[in-house]
Amino acid sequence: MAFILAVSGSAIGLGNIWKFPYITGQNGGGAFVIVYLCCVFLIGLPIMISEILIGRRGRRNPVTTMGLLGEEEGGHKYWQLVGVMGIFAGFIILSFYSVIAGWSLSYILRAASGAFTGGDATQIGGVFTAITGVWWRSAAWHTLFMLMTVLVVARGVQRGLEQAVRILMPALFLLLIVLLGYSAVSGQFAAGFDYMFRADFSALSGNSVLIALGHSFFTLSVGICAVMAYGAYLPQSTSITGTASTVVIADTVVSLVAGLVIFPIVFANGLAPDAGPGLIFRTLPLAFGNMPAGAFFGALFFILLSFAAWTSAIGLIEPAVAWAVERRGLTRATAAAVIGLFVWAFGFATVLSFNELAHVRFLRGTIFDNIDYLASNILLPLGGLLITIFAGWVICRNASADELDVGTGLLYRAWRFLTRYVAPVGVILIFLHAIGVFAP
Ligand code: TRP
């Protein structure tokens, strides 16, 4: 149970409530959602199982584990580079994650003080730009969020947070259901539903498919050996497949509900679904501003969202800290402070992407868009690809069958088939498709 809580705490976060709706809106809805769901279940789930399996077998930090198992299974100790790459990707993701989480923190006060009450789309859009458009405001909240994260990691009090996850995650989900009720009554629910589930594959680009794949990794926290780090603490008697399936289903339900809350509000207020990273900050306050006790529900919602982001942020920095402690001999406090400081500084690239440097655009868009693209859509799938190859081809059949504990029947064969063939081939094809190899 503690393990499910820890991994769900890492998986459920801004990825579900902030990122999923906005990238769905940028990539045209329905077809994107279907591809995302296929990626989650056919590629993300087997990789999550693989990560837990490897972590439990190695029982060390991911870098050491990959190196040791690599050698033990007759492969190479250079497999540890996958762990190193994971630490690097986690570092980059946290740098922008913390900025967005900072916005969520700032919205707690705005909601509580009634800034959204009776507001329309223009006024609420103004609140968003007043925070994100002023670099020092955005930076201040980013700083606060990084401090909160480093403090918890430095003192190693994650245990207490896991207990809080038990109450606060269901609370967040309940609040999403309340919002769903609001959207169903006051939003254009049919239009929102249609947008999310009516698929027109002809409009889906190769790049959108890669974004769907990258997001399936992002939302499940796989691809950077973070789940592997948790797996090291999993008792031998616990079912890996059962645990992973539970987390994956919970994570997916939260994302779909978030989408069903947001798009009806988008259409009812004449907003654009492709508004980008500000989407939830421009839509949800409309609901809070126009429902009974909205200031209370709004503040509560952003408290819970910030909490969900916090538990995820800890999962992003923990691999780096564990590595610095075990391999570099730093104390936990020093490791957390030093790594946190670097992440914080790098976060300014994202802070400035929404104000002073908003005009700087190249490749994928703003500086933030490029950082996100590199980490989410290149590093995560690459890490995931290497992890499935490792679990499916390097680790011998006996070892994985022994670790998975589902016998060698259909369930095991299904996992092995997905891990050896479907996931790696899928990732490679999607990469090739995105760079236009199959373009007519
Ligand atoms: N899954 C988290 C979210 O959806 C983000 C996250 C936490 C993450 N740990 C991770 C993403 C590790 C990739 C890898 O908000």
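## Nonpolar surface patch

At a relative accessibility of 42%, Leu429 counts as partly exposed, because that class covers the values between the 20% limit for buried and the 50% limit for exposed. The model is a predicted one. Leu429 is part of helix α18, which spans residues 410–434.

Leu429 also belongs to a nonpolar patch on the surface, together with Val425, Ile428, Leu432, Ile435, Val437 and Phe438. The accessible area of these residues together is about 630 Å².

## Salt bridge between Glu318 and Arg332

Glu318 and Arg332 form another salt bridge, their closest N and O atoms being 2.9 Å apart. The pair links distant parts of the chain, with Glu318 in helix α14 (residues 294–328) and Arg332 in helix α15 (residues 332–352), 14 residues apart.

The two side chains fall into separate accessibility classes. Glu318 has a relative accessible area of 16% and is therefore buried, the limit for that class being under 20%. Arg332, with a relative accessible area of 27%, is partly exposed.

## Salt bridge between Asp194 and Arg198

The side chains of Asp194 and Arg198 meet in a salt bridge with an N to O distance of 3.2 Å. Asp194 has a relative accessible area of 34%, so this residue is partly exposed. Arg198 counts as exposed because its relative accessibility is 61%, and exposed residues are those over 50%.

## Crossing of helices α9 and α12

Packed helix pairs are described by the angle between the two axes and by the distance between them. Helix α9 covers residues 189–197 and helix α12 covers residues 240–268. Their axes come within 7 Å and cross at roughly 125 degrees.

The crossing of α9 and α12 is right-handed.

Conventions:
Residues numbered from 1 in each chain as written. Predicted model: local features only at pLDDT ≥ 70, side-chain atom pairs only at ≥ 80, totals over all residues. Heavy atoms only, no water. Patch = residues over 30% accessible without salt bridge, like charges linked within 9 Å, V, L, I, M, F, W, Y side chains within 5 Å. Areas by Shrake-Rupley, 256 points an atom, 1.4 Å probe, with all protein chains shown as cover. Salt bridge = Lys/Arg side-chain N within 4 Å of Asp/Glu carboxyl O. Helix = DSSP H or I, 4+ residues; strand = E, 2+ residues; numbered from the N terminus. Buried < 20%, exposed > 50% of the residue type's maximum accessible area, 1.4 Å probe, protein only. Axes fitted to C-alpha atoms, helices over the stretch in contact; angles between N-to-C directions. Left-handed = near helix turned anticlockwise from the far one by under 90°.
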